[in-house]
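Dear colleague,

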Amino acid sequence: MGNSFSQSFWIPAPVLTEKELRDQSGKVFIVTGGYAGVGFELTKILYSKNATVYAAGRTRDKALKAIERIKAAHPQSKGRVEFLSVDLGDLATIKPAAQEFLSKEKRLDVLWNNAGVMTPPVGRKSTQGHEVQMGTNCLGPFLFTQELVPILQKTAASSPPGTVRVTWAGSLVVDVLAPKGGVVLDDASGRPTVFNRPEVDYGQSKAGNVLLGSEFARRYEKDGIVSLSFNPGNLKTDLQREHNIVTRTIIEILITYHPIYGAYTELFAGLSDDLTLQNTGQYIIPWGRLGPIRQDIVPGLRSTSEGGKGVAEQFWAYCEQETRAFA
């Protein structure tokens, strides 16, 4: 409970905002969900600093309208912002999206796995039949990231150490709603348990991203890529659209902030000079600071050979298995 309290109230002011961010000319970024909510605010900041930004997602019309707003807000920018079509809930769309990006760009400095879905009706599935939050929040970003690993490695080889990064969207629910251990895997099949309680399944999917962020760090630190997971904060965004009106009103009155603050959290994770390769695998909390991961999840981040429970390693293997046919 202490973790969640420190991430919700009396949060220190952000240390990296559009005011402190240096010029990003020549840098290339991808922000999934980069045209709505937190992603929109992050894309807008990056574009204002002359970066090339791909706002990735499934709704072209919404994205193009958002991009026009971003361009209008910063007419002086020498950067570029483009829509990249991908549906993280449909694994068949992910390799084509990565290939489209690779056909246009020769580098990728930061991938923000920002997009996700939250507490849909019980029983909703992804296109491939997974519980939709697990499919969209974990399997989709996992495959998208894997498809982009070669260009991340190439960029890291010619960039200052620790500046090429992948970030993974956690949430406050990792602390308050995720099951014990973060992700509960079936002993026989290795598949995550489906609780059919949308809030718990959401918490599990967000804990899954913490596991993936940690395991990616373990596997790719040697290549100079930093991997971080983050809780953007309790924000007023479209993620609450599935809640009933009473719940939404209570959340907004009590604990939510403008999406720009979530963008500051993600900006810190992706671009702060205070973070180095030594910080890979760690967790960022609002509005840009290192924070603790819930104590019962920590042993699962270490492999069994390292004296841990190996949950992250097992979850990675599950994601590999489920996405292999689409790679």
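This is a predicted model: local features need pLDDT of at least 70, side-chain atom pairs count only at pLDDT 80 or more; totals for chains, interfaces and linings use all residues.

I begin with helix 5, which spans residues 132-157, and helix 11, which spans residues 311-323. Two packed helices are described by the angle between their axes and the distance between the axes. Here the angle is about 80°, and the axes of helix 5 and helix 11 are 10 Å apart. Since angles of 65 to 115 degrees count as roughly perpendicular, helix 5 is roughly perpendicular to helix 11. On the side of helix 5, the contact is made by Met134, Cys138, Leu139, Phe142, Leu143 and Gln146. Helix 11 contributes Phe315, Trp316, Tyr318, Cys319, Glu320, Glu322 and Thr323. Sorted by class, the residues of this contact are nine nonpolar, two polar and two charged.

Two of these contact residues, Phe142 and Trp316, also bring us to the aromatic residues. The structure holds 12 aromatic pairs. In the pair of Phe142 and Trp316, the ring centres are 4.9 Å apart and the planes stand at 85°, so the pair is edge-to-face. Because Phe142 lies in helix 5 and Trp316 in helix 11, the pair ties together parts that are 174 residues apart in sequence. Phe142 and Trp316 are both buried. One aromatic cluster is formed by Phe142, Trp316, Trp168, Phe216 and Tyr220.

The contact between the helices also includes Cys138 of helix 5 and Cys319 of helix 11. Cys138 is in no disulfide, and its nearest cysteine sulfur is that of Cys319, 6.1 Å away. Likewise, Cys319 is in no disulfide, and the nearest cysteine sulfur to it is that of Cys138. A disulfide would need the two sulfur atoms within 2.5 Å. Cys138 counts as buried, because its relative accessibility is 0%. Cys319 also counts as buried, at 0% relative accessibility.

Finally, I draw your attention to Gly308, which is located in the loop between helix 10 (298-301) and helix 11. Its relative accessibility is 14%, so Gly308 counts as buried. Apart from neighbours within four places in sequence, Gly308 is in contact with Pro299, Arg302 and Ser303. From Gly308 to Val298 the C-alpha to C-alpha distance is 8.4 Å, and these two residues are 10 apart in sequence.

With kind regards

Note on methods
Residues are numbered from 1 along each chain as its sequence is written. Side-chain values use heavy atoms; hydrogens and water are left out. Helices (H or I, at least four residues) and strands (E, at least two) are DSSP runs, numbered from the N terminus. Buried means under 20% relative accessible area, exposed over 50%, partly exposed in between (1.4 Å probe, protein chains only). Contact means heavy atoms within 4.5 Å. Rings of Phe, Tyr and Trp (its six-membered ring) pair if their centres lie within 6.5 Å; planes under 30 degrees apart count as stacked, over 60 as edge-to-face and the rest as tilted. Axes are lines fitted to C-alpha atoms, for helices over the stretch in contact, and angles run from 0 to 180 degrees between N-to-C directions. Angles under 35 degrees count as roughly parallel, over 145 as roughly antiparallel, 65 to 115 as roughly perpendicular and the rest as oblique. Ala, Val, Leu, Ile, Met, Phe, Trp, Tyr, Cys and Pro count as nonpolar, Asp, Glu, Lys and Arg as charged, and the others, Gly among them, as polar.
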